[in-house]
Amino acid sequence: MRLTALAVAVLFASSCGIMSAGDDDTADGATDVLRVSCFGNDQRIQRVETAIAAFEEANDGVEVQLECTGFANYFDKLATQFAARDAPDVVMLNSQVLGEYAERGALHELGDSVDTSKFSEVAAAEGTTADGRFGVAAGLNTMTVLANREIFDAAGVELPDDSTWTWDQYATLAATITGQGAENLYGSDAPNFGPAFELWLRQQGSEMFTEDGELGFTASDVTDFFVYVQGLAQSGAIPPASIITEQQEALEQSGVATNKDAMGWFWNSAIGAVSKASGADIVILRPPSATGSSADAGLFFKPDSLWTISGDAEHKDHAEAFIDFMVNSTEAGLATLTSLGIPANSDVRAAIAAEVTGSDKVSLEYIDEISDELGPQRPALPSGAGIVDTTFHRFAMEVLFDRLTPDAAAGQLVEELDAALEK
Amino acid sequence: MSVDAELRQLRAGRGGRSSTDRSAYGFLAPWIIGLVVITAGPIIASLVLSFTDYNLLQDPSWIGLDNFRQMLSDERLHHSLRVTVTYVVLGVPLQLGLALAIAVLLNRGMRGLALYRSVLYLPSLLGGSVAVAILWRQIFGTEGMINRALSYVGIDGIGWISDPRTALYSIIALHVWTFGAPMVIFLAGLRQIPTTYYEAASVDGAGRWHSFRHITLPLLTPIIFFNVVLQIISAFQAFTQAFIISGGTGGPSDSTLFYTLYLYEKGFGQLDMGYAAALAWLLLVIIAVFTAINFYVAKFWVFYDN
């Protein structure tokens, strides 16, 4: 008797569930839900939300469901969603993992569905692999050194001439600020190891990866870089390793953002968030070069992130329209400004130039200044490139904690990356 | 009344055996369905995946024992095992020792026992949570509470969780702090010991220590054994604390790279889910071996009254 009652209850409950799901489908038949995932800091996510409101306004019958998180663990979540065949329709990736996702058949080939005619050649090439176009650059970034003017002033040190400074001058300047500044202030954050090494390497005429997708550097290249980083630590230019560990967990905790360090290495799209967190006057500088001429600094554009469409996406047409709106419409550009990097579409860039203020303006002007100084564009990244930055970080920290010599760390790093690229 | 006797009485009072059986299964159904769908299915799937190369994006491909062979030369895996074993070997005895000590103190029949018991139990409920791991970072950070307290006595503290020499021990401290769950079990065990034993001992002139050493401890060994087995199993699977405190990296300098954290990094960070599945099975074997040893050794020290 009791069992019967239970069975009836279960049946009743489940049929209700089925019924209501069915009802929803028919009632909302006119509205297609488009799932969009993205990563970034809070400011950037808010701006993307504004852009999406404009997209929904312009596209009746499409409702965007935004799934955004911070960068940490974004890709863990995404991989799980793809494995469960529950990936969002529009997926933000970065260039390190795009090759991997495309090669493994997880992405929809975009073909010519998104217009890139207003993109520069470099920007248009991003997101394409040997098999076709799988992503469109959401915006362009380049590595910069952000400097906190107030800490420079307090230490009585002039801002450097960033068109002529060298790595050695960078080290000396940072150590000087540490020496002359207030207690517990340092001249520099630890460099953003992977990207800083890439510039270092390009200044010697090499690339991170060869055209064939092999490592483009040897252990001795890495040793030189690690020796330099170790030198920064020994001269007091950068904080002790345990403080670096705390600082590198989030952009907002970095030494520059918390007004503890005078200089730090960031992609230019970070300037808004860093300025907001620090509340100080943040100046954008070119990274140092080996020769003392910023034209030789090996600077390059990389997409901050790329919009892609999952291979299983239900509404590919809406997804393509969404990407087109995000990269080619003035409305989206005015909403996101420089938080996704500098707009790749030259018309959009021109349209927002008149509107931007504060750190967005600084970022945009900087990009204009360096566009004549760019080095060669780097080759597309091979599958397995996704772990380069974390691996660089891990071994650089081993050096800074004095657990490995630069030599030993470089050897193990190259061994690990070689193994990862073979997979 | 024992549970068995109760059940027998219930059955006798209800007549038909098969109808009670059926309703028993009816009530068990949610659990059984959960076990099969949510637990057993994935367990079998992960066993199969452990013999494959699976990157989450493409279908898995069979590679036999390659994953297990790869483990032999995987330095980071060996390192993570050392970290985890250190955590278990230090964390479990310290936590159980503290739990027993506090349980004995509370068992002396003080006023407000229920309040103390609840307050001391609280960390167990919170200890594995994200919130407490974040709190731990605040306490043990470079500018955290500990260092601020130290600065008053003129000591410059270090970044306890960001220094590879101390990070693991900060997490062990967090584990020890969550002594409430075994403490409650110890308390229940202490209550089972007939007071007549203590009375007899005190008549014979035994002091507190001797009573504890020769009455409490032997009679409590089944409970201690139970706690040791459970805590070792759960300590091997520790994940949340290390994940949050190290920002998901097992850092600084891999000093908190717990086994489960490495497994997670392989599976979700490097998209090597086949290898991660194999790691999960190795962990199962390791835990099974430890538990078997526990049961074998138990014969020599656990005392069953009946």
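Chain B is divided into domain 1 (1-49) and domain 2 (68-301), the bounds coming from an automatic or database domain assignment. The centres of domain 1 of chain B and domain 2 of chain B, taken over C-alpha atoms, are separated by 32 Å. This is a predicted model, in which local features need pLDDT of at least 70 and side-chain atom pairs count only at pLDDT 80 or more, while totals for chains, interfaces and linings use all residues. Residues are numbered from 1 along each chain as its sequence is written, chains are lettered from A and ligands numbered from 1 in the order in which they are written, and side-chain values use heavy atoms, with hydrogens and water left out.

Chain A is divided into domain 1 (32-140 + 303-369) and domain 2 (143-299 + 384-422). Between the centres of domain 1 of chain A and domain 2 of chain A, taken over C-alpha atoms, lie 28 Å. The contact, meaning heavy atoms within 4.5 Å, takes 19 residues from domain 1 of chain A and 19 residues from domain 2 of chain A.

### Sheets of chain A

Helices (H or I, at least four residues) and strands (E, at least two) are DSSP runs, numbered from the N terminus, and two strands pair if DSSP finds at least two bridges between them. In chain A, 5 strands form an open sheet of mixed pairing, in the order 2-1-3-11-6. Strand 2 (62-69) and strand 6 (135-141) of chain A stand at its edges with a single partner strand each, so one side of each is left without a neighbour in the sheet. The twist of this sheet averages 20 degrees from one strand to the next, where angles run from 0 to 180 degrees between N-to-C directions and axes are lines fitted to C-alpha atoms, for helices over the stretch in contact. Strand 1 (residues 32-39) of chain A runs parallel to strand 2 of chain A and is joined to it by 8 bridges; within this pair, A:Cys38 stands opposite A:Cys68 in strand 2 of chain A. Helix 4 (residues 95-103) of chain A lies across strand 3 (90-93), strand 6 and strand 11 (302-309) of chain A, running at about 30 degrees to strand 11 of chain A. Helix 12 (residues 316-328) of chain A lies across strand 1, strand 2, strand 3, strand 6 and strand 11 of chain A, and runs at about 155 degrees to strand 11 of chain A.

Another open sheet of chain A is formed by 4 strands in the order 8-9-7-10, again with mixed pairing. Its edge strands are strand 8 (186-188) and strand 10 (282-285) of chain A, each of which pairs on one side only, and the twist averages 30 degrees from one strand to the next. Strand 8 of chain A and strand 9 (residues 261-267) of chain A run parallel and are joined by 2 bridges, with A:Met263 in strand 9 of chain A as the bridge partner of A:Ser188. Helix 11 (residues 271-278) of chain A packs on the sheet, where it touches strand 7 (143-148), strand 9 and strand 10 of chain A, and its direction makes about 150 degrees with that of strand 10 of chain A. Helix 15 (residues 358-370) of chain A lies across strand 7 and strand 10 of chain A, running at about 15 degrees to strand 10 of chain A.

### Helix pairs of chain B

Two packed helices are described by the angle between their axes and the distance between the axes.

| Helix pair in chain B | Angle | Axis distance |
|---|---|---|
| Helix 9 (residues 180-192) and helix 11 (residues 208-236) | about 155 degrees | 10 Å |
| Helix 11 and helix 14 (residues 273-301) | about 165 degrees | 10 Å |

The angle for the latter pair makes helix 11 of chain B roughly antiparallel to helix 14 of chain B, a class that takes angles over 145 degrees. The crossing of helix 11 of chain B and helix 14 of chain B is right-handed, that is, the near helix is turned clockwise from the far one by less than a right angle. Among the residues that make the contact are B:Phe225 and B:Phe236 of helix 11 of chain B, and B:Phe290 and B:Trp301 of helix 14 of chain B.

Key:
Angles under 35 degrees count as roughly parallel, over 145 as roughly antiparallel, 65 to 115 as roughly perpendicular and the rest as oblique.
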